[in-house]
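Please keep the sequence and the 3D view at hand while reading.

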Amino acid sequence: MTMQKLYLLVPLAPLFGAIVAGLFCRVIPRWLAHTVTIAGVAAAFVASVLIFQDVQAGNAFNGPVYTWLTSGDYRFEVGFLIDPLTTTMMLVVTFVSLMVHIYTIGYMQDDPGYNRFFSYISLFTFSMLMLVMANNFMQLFFGWEAVGLVSYLLIGFWYTRPTAIFANLKAFLVNRVGDFGFILGIGLILAHFGSLDYKTVFAQAPELAAATLNLWGEQHWSLLTVTCICLFIGAMGKSAQVPLHVWLPDSMEGPTPISALIHAATMVTAGIFMVARMSPLFELSTTALSFVIVIGAITALFMGFLGIIQNDIKRVVAYSTLSQLGYMTVALGASAYSVAIFHLMTHAFFKALLFLAAGSVIIGMHHDQDIRNMGGLRKYMPITWITSLIGSLALIGTPFMAGFYSKDSIIEVARLSNIPGSGFAYFAVLAGVFITAFYSFRMYFLVFHGQERFGKDNHGHDAHHGDHHHGLAPGQKPHETPWVVTLPLVLLAIPSAVIGYIGVGPMLKGDYFQGAIHVDDALHPALAHFLEEFHGAAAMGLHALSTPPLYLALAGVLLSWFFYLKRPDIPAAIQRRFSALHTLLENKYYFDKFNEVVFAGGARLLGKGLWRGGDVAVIDGLIVNGSAKLVGWIATVARLFQTGYVYHYAFTMIFGVLVLILLFNRV
Amino acid sequence: MSTYPLLSLAIWLPIAAGVIVLLTGSDRNAPLARRLALVGALAGFLVTIPLWAGFDTTHSGMQFVEMGSWIPRFNINYHLGVDGISMLFVILNAFITVIVVAAGWEVVTQKVAQYNAAFLIMSGLMNGIFSSLDGVLFYVFFEASLIPMYLIIGVWGGPNRVYAAFKFFLYTLFGSLLFLLALIYLFVHSGSFSILDWHELPIALGPQIWIFLAFLIAFAVKVPMWPVHTWLPDAHVEAPTGGSIVLAAIALKLGAYGFLRFSLPIAPNASHELAPLMIALSLIAVVYIGFVALVQADMKKLVAYSSIAHMGFVTLGFFMFSALGVEGALVQMISHGFVSGAMFFCIGVMYDRVHSRQIADYGGVVNTMPKFAALFMLFSMANAGLPATSGFVGEFMVILGAVQFNFWVAFAAAISLILGAAYSLWMYKRVIFGAVANEHVAKLSDINGREFAILGVLALCTLWMGLHPQVFTEVMHASVNGLLDHVNSRIH
């Protein structure tokens with residue numbers, strides 16, 4: 001098989017599985033649905049490994065598959081760009097997707113929508129692969145919207161639940177706000193570069209660095225700044241950056257496997273990937289990078305705070321995802337694209353692990369998701385416990401674990417960056433370390449350690465978002481989950497532990513990306529400075545012992561241990577003492593309320609006003625029916641003269657003759 | 001090139017079939033009338049396929065031309081021909097006729113022969129509009145096509161059908177009277193009624209503006225453009241399902257087609273002068289109507305308003321004078337034929353079962369009609385412009401063309417990305433998702449084979465055009481470039 005055919009196989013194998021499982025979901029048995037989809041994704045994974053090796057050997061590829069559309073002087077093609085950035089994403093996507101497919105067999109075994117679910121997640125895998133393998137903006141946008149569609153379908157998977165179908169509509173619309181910016185960015189690219197092909201666009205970018213755009217009056221804006229900010233607005237939607245982050249916590253209404261696959265490991269990182277892919281453009285606009293780093297820092301810090309007060313196990317992980325996406329965005333803003341991709345990869349493994357472990361806990365707890373009802377689960381669910389611990393340690397940046405290398409690198413490049421806003425970003429990511437450690441271990445301690453609080457029949461609380469509103473009956477104990485659930489946990493725990501140590505040297509220091517990522521070292525030297533100080537993975541791990549992040553993380557863990565295992569009365573007291581702050585966090589800084597009242601309510605009000613005022617009152621009432629009435633009125637008046645009485649007509653005639661005689665007499 | 005008079009067949013075959021169907025008379029012969037109508041519609045569709053198969057994509061002028069003298073004294077001819085702009089609409093029209101006949105199969109039980117005959121005759125008349133190259137011939141077809149639509153709304157329509165039918169008729173008739181004046185003016189100046197001769201006629205800017213405005217009123221009503229659009233929601237609400245499908249899929253395209261065949265080439269300077277007005281009206285249609293669509297409680301009204309918003313993209317694309325804009329607009333017109341036709345059919349499917357079009361009367365339809373819900377999802381997404389569906393292609397091209405033209409025009413147009421998703425998916429959520437809302441929904445039966453076939457065919461068309469639009473645009477290139485060269489050469 002030639003390599004080109006192998007490239008085609010990667011997206012098409014999952015698509016085939018999705019079509020079979022989807023079109024015939026009512027006809028085929030369950031084993032067939034999961035076999036065909038898992039086989040498709042497994043084939044894609046194996047092919048991705050082969051392609052990865054081929055690309056590492058220096059065989060990158062860039063070429064069209066077919067011509068989608070031509071118009072005027074423009075040609076839009078569907079095509080693949082296979083370089084190290086693509087293959088990294090392909091490996092992450094297919095591997096995590098494969099784990100999630102296997103896990104789903106266990107998680108969804110009682111669900112009537114079993115076949116449909118497999119169809120959706122395979123369709124997602126196809127869409128995401130089309131996104132990362134694209135060699136042009138049109139196909140990127142196709143993949144971008146297609147993953148949004150599948151996300152919509154999966155958040156609303158349990159379509160009878162009002163919260164789920166509210167959340168999926170919200171997710172789609174918020175993403176559309178991002179796409180609004182994205183398509184304008186793509187439009188600017190086409191208008192000024194004459195092509196949507198990455199290679200052509202990137203080659204021309206330096207020539208257009210000084211080009212300006214006349215947007216308003218005499219103000220001249222840098223073309224690339226406007227373009228990059230428009231593109232980044234798209235990334236803000238998909239990668240859930242403040243203020244377009246509001247959809248991600250609600251997306252937890254979907255089944256847990258897709259929270260792991262779509263809303264943690266892969267789809268939400270599409271924005272990060274896109275900016276890294278566009279590095280030749282972003283490098284030319286320091287203003288845009290500054291915008292990126294500030295947005296990322298705000299997301300990293302403020303979304304972390306919200307993780308502290310969540311009681312739903314999935315929502316804690318969701319806010320942690322938001323915060324980590326902020327970290328990646330900070331890395332992008334500091335021009336350390338390779339560091340962002342590195343964190344994207346390590347995060348994909350440990351966050352998928354944490355989500356799937358949370359799902360395992362949810363199964364063990366019979367679909368109770370409230371961490372206040374858990375405690376001491378380590379005895380009953382040992383594999384879930386150990387793998388969760390590995391995931392949490394990786395997340396908070398324990399030296400030598402995966403998250404440590406990527407996160408410490410981000411903190412370092414934020415410190416070394418000279419971009420405006422990097423000072424704030426450095427503070428945000430540093431403070432974020434403490435917060436991450438605190439909320440991660442708060443959850444860990446409340447779930448796996450301490451007093452056993454389950455089986456007490458206390459489901460009267462309102463913060464309950466359980467998948468099926470079950471829970472353990474009094475006296476019932478949690479149980480470890482079947483092997484189809486624990487196997488993916490173990491397989492994800494391995495890279496969560498070691499991928500950082502293996503990857504940091506080659507991915508950051510070496511020529512891993514072979515020019516797929518472009519950094520202007522003279523203008524944005526943060527990464528170069530960082531790499532000067534870098535002397536191998538082991539040295540970096542040891543060096544951490546003398547830097548603040550490690551101690552901040554340790555402090556976070558210790559504080560959560562003290563608060564939630566030793567003295568559970570303290571957090572309650574703090575909550576009472578600072579109730580205003582707590583209310584602010586509980587309401588998620590009032591973003592949702594604001595959007596509901598101002599945007600959703602405003603749009604409906606405006607629509608009603610335009611309809612009732614414009615269409616019904618003015619156009620129809622005044623003009624259309626008004627002119628009909630006018631005709632009617634004229635007719636009524638004219639009718640007065642046609643009474644049908646002969647003496648009226650005779651009188652009128654005589655009167656007319658008299659008037660005429662008078663007139664002519666005068667002349 | 002074929003020696004058969006293909007265009008004449010495309011016009012007169014459905015009309016003849018319509019007359020034959022009429023001859024079956026009363027409803028005692030309804031099954032026969034249905035079958036004859038289907039055969040007629042299919043035959044009408046088949047004869048249009050050679051137009052595409054035999055089309056010369058390198059040629060920008062008219063093809064399949066037929067010429068015969070009609071009224072020699074005034075130099076009026078039976079002159080037919082299609083180019084890359086009009087050819088696809090003839091085929092789309094013939095295709096939609098098949099869909100419409102199938103859509104009314106079990107549903108229409110009153111005056112079956114007359115119902116089907118009206119659609120067949122209208123189909124032939126509208127093919128006449130798309131292929132006429134003589135001004136008078138065009139005008140005759142343009143006016144004659146009003147009559148069947150008027151009857152369809154007035155006879156088979158809803159409770160308020162008489163108001164709607166009159167509103168439709170008067171609105172469009174008012175527009176066409178000014179159009180007739182413009183035609184007479186052009187005849188007086190050129191001594192010919194040939195549209196192609198008029199394209200070459202040098203006219204000063206002043207008269208061009210008057211001609212343009214006369215055309216504008218006629219075509220704007222048909223499109224419909226804001227603010228002469230209010231007949232459309234009423235007409236849709238009262239029309240039977242088949243009427244709505246034809247209205248949305250074909251009738252709205254007549255006005256837009258008129259802009260390309262008359263306004264732009266005959267009055268190029270005026271088109272340029274008045275382009276800002278046209279773009280402003282188009283953007284109002286996109287944004288204003290988008291908001292209005294959002295708050296509709298009646299599903300048909302919602303889709304009717306969304307049609308107006310989508311047609312706003314068409315007129316926007318025309319008046320940017322770029323290949324991307326014009327071709328994007330044409331793609332949008334064809335796509336809208338599939339998608340809005342399917343949307344109205346979906347609403348008809350629910351209306352046939354529940355006898356309500358109010359969103360509030362539904363909820364949780366997916367529980368009882370899963371197959372329908374899946375197909376309706378596809379069309380709602382296409383209506384929202386999702387990539388891989390046809391709805392995306394035209395919007396994408398027009399927005400990209402608009403960025404070249406002016407960033408803020410594109411900015412306003414791109415708002416439809418959000419609004420289109422909002423009104424389409426919000427309706428979908430309230431109608432389809434959720435728990436079963438009432439006993440009507442609980443009693444629903446999923447779509448039958450006929451309904452599945454109709455929606456399936458439309459779904460394939462939507463996906464085909466979304467995944468490989470090149471097939472559709474390559475036939476347009478030569479003619480669109482020819483038109484733009486012509487318009488731009490007259491400016492400089």
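In which hand, left-handed or right-handed, does α16(B) pass α20(B)? The crossing of α16(B) over α20(B) is left-handed, and, as with everything that follows, this is read from a predicted model. Helix α16 of chain B covers residues 370-383 and helix α20 of chain B covers residues 449-467, and their axes come within 11 Å and cross at roughly 35°. On the side of α16(B) the contact is made by B:K371, B:L375, B:L378 and B:A382, which face B:F452, B:L455, B:A459 and B:T462 of α20(B). By class, the residues of this contact divide into 6 nonpolar, 1 polar and 1 charged.

**Other helix pairs in chain B**

Two further pairs can be set beside this one, and the table gives the geometry of each.

| Helix pair | Axis distance | Angle |
|---|---|---|
| α16(B) and α20(B) | within 11 Å | roughly 35° |
| α9(B) and α11(B) | within 7 Å | roughly 165° |
| α2(B) and α4(B) | 9 Å | about 10° |

Helix α9 of chain B (residues 205-222) and helix α11 of chain B (residues 241-266) cross at roughly 165°, and because angles over 145 degrees count as roughly antiparallel, α9(B) and α11(B) are therefore roughly antiparallel to each other. Their crossing is left-handed. The residues of α9(B) that take part are B:I211, B:F212, B:F215, B:L216, B:A218, B:F219, B:A220, B:V221 and B:K222, and they meet B:L252, B:L254, B:G255, B:G258, B:F259, B:F262, B:S263 and B:I266 in α11(B). Sorted by class, the contact of α9(B) with α11(B) has 13 nonpolar, 3 polar and 1 charged residues.

Helix α2 of chain B (residues 30-53) packs on helix α4 of chain B (residues 112-131) at an angle of about 10°, and since angles under 35 degrees count as roughly parallel, α2(B) and α4(B) are therefore roughly parallel to each other. Here B:A30, B:A33, B:R34, B:A37, B:G40, B:A41 and B:G44 of α2(B) meet B:V112, B:A113, B:N116, B:L120 and B:S123 of α4(B), a set that divides into 7 nonpolar, 4 polar and 1 charged.

**Chain B as a whole, and its backbone details**

Chain B has 22 helices and 2 strands. Its radius of gyration is 21 Å, close to the 23 Å that the globule rule gives for 492 residues, so chain B is as compact as a globular protein of that length. Taken along the principal axes, the C-alpha atoms of chain B fill a box of roughly 65 × 55 × 40 Å.

Helix α7 of chain B (residues 161-190) has 30 residues, which at 1.5 Å a residue should span 44 Å, and its end C-alpha atoms are 43 Å apart, which agrees. After α7(B) comes B:G191, with a positive phi near 70°.

The loop between α9 and α10 (231-238) of chain B holds B:P224, which is joined to B:V223 by a cis peptide bond with omega of about -15°. B:P227 also lies in the loop between α9 and α10 of chain B, and a cis peptide bond with omega of about 5° joins B:W226 to B:P227.

**Chain A and its contact with chain B**

How many residues does each chain give to the contact? Chain A gives 42 residues and chain B gives 41 residues. In chain A, the elements that give two or more residues to the side that touches chain B are β1 (61-71), α5 (137-155), α6 (162-193) and α25 (591-640). The largest share of that side, 15 residues, comes from α6(A). By class, the side of chain A that touches chain B has 27 nonpolar, 8 polar and 7 charged residues.

Elsewhere in chain A, A:H366 has a positive phi, near 55°, in a residue other than glycine, and A:H366 lies in the loop between α15 (337-364) and α16 (382-396) of chain A.

Notes:
Residues are numbered from 1 along each chain as its sequence is written. Chains are lettered from A and ligands numbered from 1 in the order in which they are written. This is a predicted model: local features need pLDDT of at least 70, side-chain atom pairs count only at pLDDT 80 or more; totals for chains, interfaces and linings use all residues. Two residues are in contact if their C-beta atoms, placed from the backbone, lie within 7 Å. Helices (H or I, at least four residues) and strands (E, at least two) are DSSP runs, numbered from the N terminus. Ala, Val, Leu, Ile, Met, Phe, Trp, Tyr, Cys and Pro count as nonpolar, Asp, Glu, Lys and Arg as charged, and the others, Gly among them, as polar. Axes are lines fitted to C-alpha atoms, for helices over the stretch in contact, and angles run from 0 to 180 degrees between N-to-C directions. Angles under 35 degrees count as roughly parallel, over 145 as roughly antiparallel, 65 to 115 as roughly perpendicular and the rest as oblique. A crossing is left-handed if the near helix is turned anticlockwise from the far one by less than a right angle, and right-handed if clockwise. The expected span of a helix is 1.5 Å times one less than its number of residues. The radius of gyration is taken over C-alpha atoms; the globule rule is 2.2 Å times the number of residues to the power 0.38.
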